[in-house]
Amino acid sequence: MRYAIAIVMLFCAAQAWAENVVVSDASARATAPGQESAAIRFSITSKKDARLVAIASPVAGAVEIHDMTHDNGVMRMRAIEFLPLPAGKMVKLGASGSHVMLLNLKNPLKAGDSVPLSITVEFADKHKEKVNVNAEVKPLMASRNEHEHHTH
Ligand SMILES: [Cu+2]
């Protein structure tokens, strides 16, 4: 029994790591009704040169790694096969161009939920490591309309 509790606590930690990979600050935003996809943010650092090759989550039908590019002033998202993780460098997904997206959400994400993620990293020698982390679901930003008062 004590063993089971220890495992649960391990999975609730804000930071998760495998031998060579550390993942921290995983979070998502609550989804609006009808919204079927959600972006996930997290920071990942690999001790060795590696690439982020796959992410899986039981709450989504598919998980994609996306990259943003500026194309004549238009932001475009495209799915990429992998994301390079230079040795020792913290890569922040969701903060700049690259992010991870949950697609075909099975249920809306609610504030306070946690989304289990299984992150697979592949090293130059093809050896793979998996890191399991829970992304904390944060509330949607308060709607600006709530604070606007129209007088007619
Ligand atoms: Cu995207």
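The following dialogue examines how terms are applied to this predicted model.

Modeller: Residues are numbered from 1 along each chain as its sequence is written. In this predicted model, local features need pLDDT of at least 70 and side-chain atom pairs count only at pLDDT 80 or more, while totals for chains, interfaces and linings use all residues.

Biologist: Why are β4 and β10 called paired?

Modeller: Pairing requires that DSSP find at least two bridges between two strands. Six bridges join β4 (residues 50-56) to β10 (residues 114-123), so the two strands pair, and they run antiparallel. Ile55 stands opposite Ile119 in β10.

Biologist: What joins β10 to β11?

Modeller: Nine bridges do, and β11 (residues 128-138) runs antiparallel to β10. In β11, Lys128 is the bridge partner of Glu122. Four residues lie between the strands of this hairpin, where Lys126 takes a positive phi near 75°.

Biologist: What makes a set of residues a nonpolar core, and which have the most contacts inside the largest one?

Modeller: A nonpolar core is a set of buried Ala, Val, Leu, Ile, Met, Phe, Trp, Tyr and Cys residues joined through C-beta atoms within 7 Å; buried means that 20 or more other C-beta atoms lie within 10 Å of a residue's own, with C-beta atoms placed from the backbone. The largest has 29 residues, and those with the most contacts inside it are Val23, Ile40, Phe42, Leu117, Ile119, Val133 and Ala135. Strands that each supply at least two residues of this core include β4, β10 and β11.

Definitions and conventions: Buried ≥ 20, exposed ≤ 12 C-beta atoms within 10 Å, placed from the backbone.
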